[in-house]
Amino acid sequence: MAKRKKKDSIADFWLANTLKALWIGFGVMVLIIFLYVFAVKGDWFGLFGGMPSVKSLENPENQLASELYSADKVLLGKYYRPNSNRTPAQYQDLSPNLVHALTATEDIRFDRHSGIDPIGILRAMAGVITFNRKGGGSTLSQQLAKNLFNTRQEDFDGALLKRIKNNDIKTIIQKSKEWIIAVELEKNFTKEEIMAMYLNTVDFGGNTFGINVASKTFFNTTPDSLEVQEAAVLVGLVQAPSLYNPVRNPENSKRRRDVVMGQMEKYHYISEAMLDSLIDMPVEVDYEVQNQNVGLATYFRTVTGNFLRDWAEANGHDLYGDGLRIFTTIDSRLQTYAEEAMAEQMKALQAKFLKHLEGRQPWIDENKEVIPNFLETSMHRTRLYRQLKQNYADDPDSIEIVLNLPKQMTVFSWEGEIDTVMSSMDSLRYYKHFLQSGFLAMDPHTGHIKAWVGGINHKYFKYDHVKQGKRQPGSTFKPIVYATAIENGYSPCYTLMDTKVTFDIPGDKKWTPQNAGGKYTGQQMTIRRAMANSVNSITAKMMQKVGPSEVVKMAKRLGIESDLEAVPALCLGVNDVSLFELVGAYSTFVNKGTHISPFFITRIEDKNGNILQEFPPKTFEAINEETAYIMIHMLKGALEEDRGAALGLSYEVKVDNEIGAKTGTTQNASDGWFIGVTKDLAAGAWVGGDDRSIHFRSWVSGQGSRTARPIWNRFMEKVYGDNETHITKGPFPRPIRRLSVEIDCDQYTDIANVSDSLEIEIPVNNINPDDIR
């Protein structure tokens, strides 16, 4: 009995001491862990590397793409740096299918832990010990910590981390940081916020960041509309974006998708029957990478981007990372119709142009002879040539070899992209055969630009022909001459004789503006009919009456900012202007004489919706209301006078409608123009070659009524066919006050200017005899 008691006491002693030792050991271990956590968190002695500040944890910053919206709230495009193409989504924007797929696959205990999942950690440790690393221990909160703060970059390495060569030890320290940050995130945000933040920071591959962009890129949808199989594909990408990319690796993507759906079934988010039905489906995507060459308003987005960069720099913002929201005046429906109208007309016109050339080169001189060395001269203006010049400064033969070396490339065609083999010279020759175009439409009463199409294809032709490009306007400048005359008291019914008029030029030279076809009818006609028929001789006579300097002043008041020479030839549009300027000038007539500078941004907000700046229209009275209305009446002559330049518009556009318009065609048909106005819209189109020497050999084939007018006409057909645009047909509003001059020319005859029927000589000081007709 005594021996038994002694054994019991010894056992009790050892048990007590063992428990005490374990307790002390546990305490020491807790203390060590406690000290380790504090050491890592506080970066003691600079050993472990920095940690995010409390402020950054409470308000984590992320590079966000700035978004460009149309007036009807359609996303037009984004501005972002590589690796920052993301747009934030809120939790309520997430499909339950997506939330379930993510939690079932990545963190099934997400709702039950506080940033660290002990069970997951134990599973991961067991995997390390048994060399079976099938499951990781990172929670969504830890993964978010890594995504937000890039904890595994060298910037976060301290002295100890930089010296450690063992990757496992380095990983433990890095994981420790993520645990600490994850716990802090859980303190500051709800589970829903963490879920949304995580999905907003995930890299889905191919410069696609965040669930909003991924949904759009892979399935052309939004996160709230993702189906089960679509959500499973995207969640599958989280583990390895390249390996499971559904476009590049569809088989891998399907296998991973099926695993994700299997997890959803395992945790009862979907039924076994649904899994069986979905697992047999192939991976179907609607893939389109977002960039500046695809989508609506590509040229407009580039032009706007240039403005926004300057604005952001001047106002202390980062266009490519601050997540700005820019609201524009563009109407997505009108923009779509403008792009469709241009594509339809230019595709048909290009076919006519190539057939018309009959295999001949399109670059020709005044005598219709092919310009020698045209391609070589054009190549010297390219970036490629400048680069080769730097690389082979003293070796022109090497430059020649490189330029003529065949290589694989993809080229534009109206039938779709073509994969082919060409040299750089061949490519230049090919592209110089294409006609180019520009189109602009605006609301004349607000100055809002509604549609902007700068060219035929932004991917292959970057040059913007709306504002960046300037060409001779030809006869589309004539209304500015006549507006000067109307302001000076001339009536639309004022008559002149269509006869030759000659200007003396210094140096015993003369310049005689020719009518189309080089003939004069000898008829006396009203200036309204003369403008409608684009009679050069009568426009020149009116220029003589009002004076070139007054016409320049009128043009400036109407919004023409380009340099203009105060010479008689200005009446025929010899100085280069942009389509942007011309449409703005014509809109003044519709807006009762008040000029509103065309503009395209209404306001800019920060990522939280706070308004940073609003952009009110810039307005001023350019001409009085009477002059503006009379000019509308003059422009209506294009449809109401015999042989008016707009009579060829379709019945659908003309019926029950009032339209003012003017065509323009420059010398040798290098440029074709059409500007048209209605009570609701001012719009214009330009068509021509990259170079003035590229054009139809026939002036008739290249005139504005055949090249540019069809674009305007087709655009208006589409606009009037859509009631949701709220753009309707109807008359222009008349002034309340009675007009001071007569405009009904059928009842009014001016017999006071018979002398104008005589051939006259007009001396001038400065004129270019080579100016256009």
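## The second largest cavity

Strand β18, which spans residues 682-689, gives the second largest cavity the largest share of its lining, with 3 residues. In this predicted model, the cavity holds about 60 Å³ of space. Its lining is made up of L435, A669, S670, V687, G688, G689, I694, H695, F696, G702 and T707. By class, 5 of these residues are nonpolar and 6 are polar, with no charged residue.

## The largest cavity

The structure holds 4 cavities of 30 Å³ or more. In the largest cavity there is about 90 Å³ of space. The residues around the largest cavity are F589, V590, K592, E625, A628, Y629, I632, F732, P733 and P735.

Two helices, α23 (579-590) and α24 (625-640), each contribute at least two residues to the lining of the largest cavity. The largest share comes from α24, with 4 residues. The lining of the largest cavity has 8 nonpolar and 2 charged residues, and no polar ones.

## Strand β6 and Q436

Q436 sits in strand β6, residues 435-442. With a relative accessibility of 1%, Q436 is buried, because buried means under 20% relative accessible area. Beyond four places in sequence, Q436 touches M346, I456, F461, H465, W686, V687, G688 and D690. Two of these contacts, V687 and G688, also belong to the lining of the second largest cavity.

The C-alpha atoms of Q436 and D690 are 6.5 Å apart in space, while the two residues are 254 residues apart in sequence.

The relative accessible area of E67 is 6%, so E67 counts as buried. Setting aside neighbours within four places in sequence, E67 is in contact with L75, G77, K78, T87, L324, R325 and I326.

## Nonpolar cores

The largest nonpolar core has 142 residues, and F439, W452 and F715 touch the most other members. Apart from this core lies another, of 43 residues, among them M197, V202, F218 and A232. In soluble globular proteins, nonpolar side chains tend to be buried together.

What does W452 touch, not counting residues up to four places away in sequence? The contacts of W452 are Y299, F300, V303, I330, Q335, F439, L440, D464, V466, K467, F580 and F600. F439, one of these contacts, is also named among the core residues that touch the most other members.

## Helix α10

A232, a member of the core of 43 residues, is also one of the buried residues of helix α10. This helix runs over residues 228-239 and is mostly covered, with 11 of its 12 residues buried. The buried residues are V228, Q229, E230, A231, A232, V233, L234, V235, G236, L237 and V238.

## The chain as a whole

The chain has 773 residues, of which 52% count as buried. Its secondary structure consists of 28 helices and 19 strands. Among contacts between residues at least 6 apart in sequence, 71% join residues at least 24 apart.

## Confidence

Across the chain the average pLDDT is 85, and 83% of the residues score at least 70. Over residues 748-773 pLDDT stays under 50, and the model has 71 contacts beyond four places in sequence for this stretch. Where pLDDT is low, the predicted coordinates should not be read in detail.

Notes
Residues numbered from 1 in each chain as written. Predicted model: local features only at pLDDT ≥ 70, side-chain atom pairs only at ≥ 80, totals over all residues. Heavy atoms only, no water. pLDDT = per-residue confidence, 0-100. Contact = heavy atoms within 4.5 Å. 1 Å grid on protein atoms, 1.4 Å probe; cavity = no way out; pocket = protein on both sides within 12 Å on 5 of 7 lines; lining within 4 Å. Points joined across faces, edges and corners; volume = space filled by probe spheres on them. Nonpolar A, V, L, I, M, F, W, Y, C, P; charged D, E, K, R; others polar. Buried < 20%, exposed > 50% of the residue type's maximum accessible area, 1.4 Å probe, protein only. Core = buried A, V, L, I, M, F, W, Y, C linked by side-chain atoms within 4.5 Å.
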